[in-house]
Amino acid sequence: MLQNIRVVLVETSHTGNMGSVARAMKTMGLTNLWLVNPLVKPDSQAIALAAGASDVIGDAQIVDTLDEALAGCSLVVGTSARSRTLPWPMLDPRECGLKATEEAQHAPVAIVFGRERVGLTNDELQKCHYHVAIAANPDYSSLNLAMAVQVIAYEVRMAFLGQNDAHKSESEPTPYPLVDDLERFYTHLEQVLLNTGFIRANHPGQVMNKLRRLFTRARPESQELNILRGILASIEQGEHPHEK
């Protein structure tokens, strides 16, 4: 199940951080590392700082875009230390561990960490279902990348061990749509809103951002997303009725 949890690093600039992250992951049983457009490729320094976790570095998936790293995932959590103009559902590390391990029993999960200096952009954070923030000392809240990964990875492991001790639920798991399906829904929704004139192409404003936030907060199940796609399709048919 832990193999279903991806640790995603976006545009990491120091190979030593990659090695330290690999070490932090492996000590907690995580091995699925994804590197999004790293400014430098893993090298001997990364291997050295991995300190026995060089297999995590060697097996890391290197991709060009965040979308590639999130493809196929049903839950995405982004790390964020700053308040945003558009507030997003927030988790603390313990809640993140619980949600990640619960979801990873059925589908891949991504926990996304941003650049060493500036973190994740607002656009990148909007691709996440939740944001997670570490409640560090407000007078000195400086955590390096490997430290942040270690905190989250620890909570993932604690949740994993707790699940092993608990009785298995007999209820059927709730299927949630994959990230890919959600992105297709947002594209479809935006096109319909443009076609109906609800959004003006020249002045779209924040409508789609706020709708993304709404659906992220609601987190529709797969069946519910199919219903929404059906509603959009029926609106399109109403705009172009078949000739009799």
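**Figure 1. Aromatic pairs.** The count of aromatic pairs comes to two, where rings of Phe, Tyr and Trp (its six-membered ring) pair if their centres lie within 6.5 Å, with planes under 30 degrees apart counted as stacked, over 60 as edge-to-face and the rest as tilted. Phe-185 and Tyr-186 make a tilted pair, 5.5 Å centre to centre with 50° between the planes. The rings of Phe-185 and Phe-215 have centres 5.1 Å apart and planes at 90°, so this pair is edge-to-face. The model is predicted: local features need pLDDT of at least 70 and side-chain atom pairs count only at pLDDT 80 or more, while totals for chains, interfaces and linings use all residues. Residues are numbered from 1 along each chain as its sequence is written, and side-chain values use heavy atoms, with hydrogens and water left out.

**Figure 2. Burial of Phe-185 and Tyr-186.** Phe-185 has 2% relative accessibility and therefore counts as buried (under 20% relative accessible area; exposed is over 50%, partly exposed in between; 1.4 Å probe, protein chains only). Tyr-186 is buried too, at 7%.

Figure 3. An automatic or database assignment gives domain 1 (2-169) and domain 2 (179-239). In contact (heavy atoms within 4.5 Å) are 15 residues of domain 1 and ten of domain 2.

**Figure 4. Salt bridge between Glu-103 and Arg-219.** The closest N and O atoms of Glu-103 and Arg-219 are 3.1 Å apart; a salt bridge needs a side-chain nitrogen of Lys or Arg within 4 Å of a carboxyl oxygen of Asp or Glu. Across the interface of domain 1 and domain 2 the rule finds one salt bridge.
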